[in-house]
Structures are given as C-alpha cells and as structure tokens.
Amino acid sequence: MQWDWEFAAEITPVLLSGLKVTILATILGAAVAAVLGLVFAVLRRSSNRIVSRTTSFIVEFIRGTPLLVQLYFIFYVLPDIGLRLPALTAGVIGMGLHYATYAAEVYRGGIEAVPRGQWEAAKATNLTARQTWINVILPQAIPPMVPAMANYLLAMFKETPLLTAITVVEMMSQARIVANTTYRYVEPMTLVGVFFLVISLISVVGLRWLERRFGRAPR
C-alpha cells in the first residue's frame with residue numbers, strides 16, 4: 001500500500017482531536033500520581049507499623065500488577081459493586097494510581113536525601129509534624145525529584161494507548177477507528193507514531209533542562 005498524502009492530511013485533524021484527549025489524560029493522571037505518591041511515601045514512613053506495612057503492601061501489589069489489568073478492573077469490575085466511572089475518569093485514576101507507586105519511591109529517595117540535621121533542627125525549634133514537612137523537608141526534597149518525576153510523566157504519556165482498552169477515544173483509538181473504517185492502516189498508524197515521537201523528543205529536551213536545573217542533591 002502506497003502512502004497517500006491527501007488521505008494523511010484528511011485524517012490529521014481527527015488524530016489531533018485524539019491527541020488532546022491523550023495529553024489531558026496524561027496531565028490529569030500525573031496530578032493524581034503526584035498527590036497519591038506523596039501520600040504513599042509519607043504513610044510508609046509512619047511510626048505506626050500497621051499503617052506503614054499496609055501501605056507498603058498496597059504499593060507493592062499495585063506495582064507488581066500490569067497497568068492494563070488495573071484499568072480493566074476499575075472500568076469493568078467496579079461497576080459490579082455499584083461503582084461506575086466514565087471511561088476517561090477510570091483511565092486517569094488507573095494511570096495515576098499505577099504511577100503513584102513509582103512516584104512514591106522518588107519521593108522516598110528525595111526525603112531520605114534531606115540531611116538528618118534538618119529534622120533535628122525542626123524538632124529543636126518545636127515545629128509540628130505538619131510544619132516540618134511543609135516548611136523544612138519538602139522544599140528541600142522536591143527539587144531533586146523533578147527530573148525523575150518528569151521522566152515518569154513521559155512514560156505515562158507513552159502508555160496512554162492502553163486506554164483504548166476501556167473505550168477512551170484517545171489518539172490511538174482514533175487511529176484504529178480510521179483504519180478499521182477505511183482499511184488503510186499505513187497513514188493513521190504512522191502519523192500516531194510520528195506524533196508520539198515528536199512530543200517525546202520535545203519532552204526529552206525539557207528533561208535535560210530539568211536535570212541541569214534541579215538534578216542536584218540538597219546540601
């Protein structure tokens with residue numbers, strides 16, 4: 001099958017509409033991952049063994065199962081117990097929850113890199129636990145985490161085609177619809193690959209800048 005430039009131009013707006021959904025799912029999923037990852041990291045450091053061990057089990061369980069299985073469970077199994085979610089919402093929660101377990105490790109590394117003297121100084125000045133975390137620990141721990149977190153954001157973006165399994169009409173899903181309707185696969189699949197490649201290359205440039213800007217351990 002030969003490449004048809006006219007057909008490629010015709011389907012590009014359709015694929016770009018799917019790209020918007022892909023980017024939206026990535027950004028929302030990253031936000032969920034960032035928040036839940038911090039929650040997991042803090043809970044795993046809890047002095048309460050029940051809390052820390054339960055959180056560790058949940059994190060390891062989620063990390064040890066495929067994202068696709070988790071998406072299927074959220075979208076197709078939860079409705080059986082009365083919890084029905086829109087496809088995009090289920091996809092965002094699934095990806096966010098999955099990557100939160102990896103973000104938790106990034107948070108853990110950043111938190112442990114904060115010198116012990118900072119914890120002792122906060123305690124000596126009678127700061128509460130909340131004040132210690134917000135005003136002392138996190139401001140020092142987060143900057144070195146930024147490159148790694150951005151790397152997971154890129155990985156999440158590349159895994160958005162899995163959302164087509166739960167009926168989210170993102171870019172890959174749009175390409176499949178076009179291909180199955182016209183029986184032309186070269187143009188839609190190639191364009192999807194090109195769009196992913198272009199955005200990934202732009203993101204890599206951003207990652208390099210973030211590594212230079214933030215990729216230094218706190219002193």
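User: Is Ser-173 buried or exposed?

Analyst: Relative accessible area decides this: buried means under 20%, exposed over 50%, and partly exposed in between, using a 1.4 Å probe and protein chains only. Ser-173 has 8% relative accessibility, so this residue counts as buried. The model is predicted, so local features need pLDDT of at least 70 and side-chain atom pairs count only at pLDDT 80 or more, while totals for chains, interfaces and linings use all residues. Residues are numbered from 1 along each chain as its sequence is written, and side-chain values use heavy atoms, with hydrogens and water left out.

User: Where does Ser-173 lie, and which residues does Ser-173 touch?

Analyst: Helices (H or I, at least four residues) and strands (E, at least two) are DSSP runs, numbered from the N terminus. Ser-173 belongs to helix 7. Contact means heavy atoms within 4.5 Å. Setting aside residues up to four places away in sequence, Ser-173 touches Thr-164 and Val-168.

User: How many helices and strands does the protein chain have?

Analyst: The protein chain has 8 helices and 0 strands, which gives the pattern α-α-α-α-α-α-α-α along the sequence. Its C-alpha atoms fill a box of roughly 70 × 45 × 25 Å along the principal axes. Of the 219 residues in the protein chain, 36% are buried. Among contacts between residues at least 6 apart in sequence, 77% join residues at least 24 apart.

User: What is a nonpolar core, and which residues have the most contacts inside the largest one?

Analyst: The term denotes a set of buried Ala, Val, Leu, Ile, Met, Phe, Trp, Tyr and Cys residues joined through side-chain atoms within 4.5 Å. The largest such core here has 20 residues, and those with the most contacts inside it are Ala-90, Met-95, Leu-163 and Ile-166. Helix 1 (5-44), helix 3 (67-77) and helix 4 (87-113) are the elements that give two or more residues to this core. Helix 4 gives the most, with 6 residues. Ala-90, leaving aside neighbours within four places in sequence, is in contact with Leu-71, Ile-74, Phe-75, Leu-85 and Ile-166. A second, separate core has 17 residues, including Ala-8, Ile-11, Leu-154 and Leu-207.

User: How is the packing of two helices described, and at what angle do helix 5 and helix 6 pack?

Analyst: Axes are lines fitted to C-alpha atoms, for helices over the stretch in contact, and angles run from 0 to 180 degrees between N-to-C directions. Helix 5 (residues 116-124) and helix 6 (residues 129-158) pack at about 165°, and their axes are 11 Å apart. Helix 5 is therefore roughly antiparallel to helix 6; angles under 35 degrees count as roughly parallel, over 145 as roughly antiparallel, 65 to 115 as roughly perpendicular and the rest as oblique.

User: Which residues of helix 5 and helix 6 meet?

Analyst: From helix 5, Gln-118, Trp-119 and Ala-122 meet Thr-132, Trp-133, Val-136, Ile-137 and Gln-140 of helix 6. For classes, Ala, Val, Leu, Ile, Met, Phe, Trp, Tyr, Cys and Pro count as nonpolar, Asp, Glu, Lys and Arg as charged, and the others, Gly among them, as polar. The contact of helix 5 with helix 6 has 5 nonpolar, 3 polar and no charged residues.

User: At what angle do the axes of helix 1 and helix 7 cross?

Analyst: The axes of helix 1 and helix 7 (residues 171-182) cross at roughly 145° and come within 7 Å. Among the residues making this contact are Phe-7, Ile-11 and Val-14 of helix 1 and Met-171, Gln-174 and Ala-175 of helix 7. The contact of helix 1 with helix 7 divides into 8 nonpolar, 5 polar and no charged residues.

User: Which value of phi does Thr-167 have, and which does Tyr-183 have?

Analyst: Phi of Thr-167 is near 70°, a positive value in a residue other than glycine. Thr-167 sits in the loop between helix 6 and helix 7 and is partly exposed, with a relative accessible area of 49%. Phi of Tyr-183 is near 60°, again positive in a residue other than glycine. Tyr-183 lies in the loop between helix 7 and helix 8 and, at 62% relative accessibility, counts as exposed.
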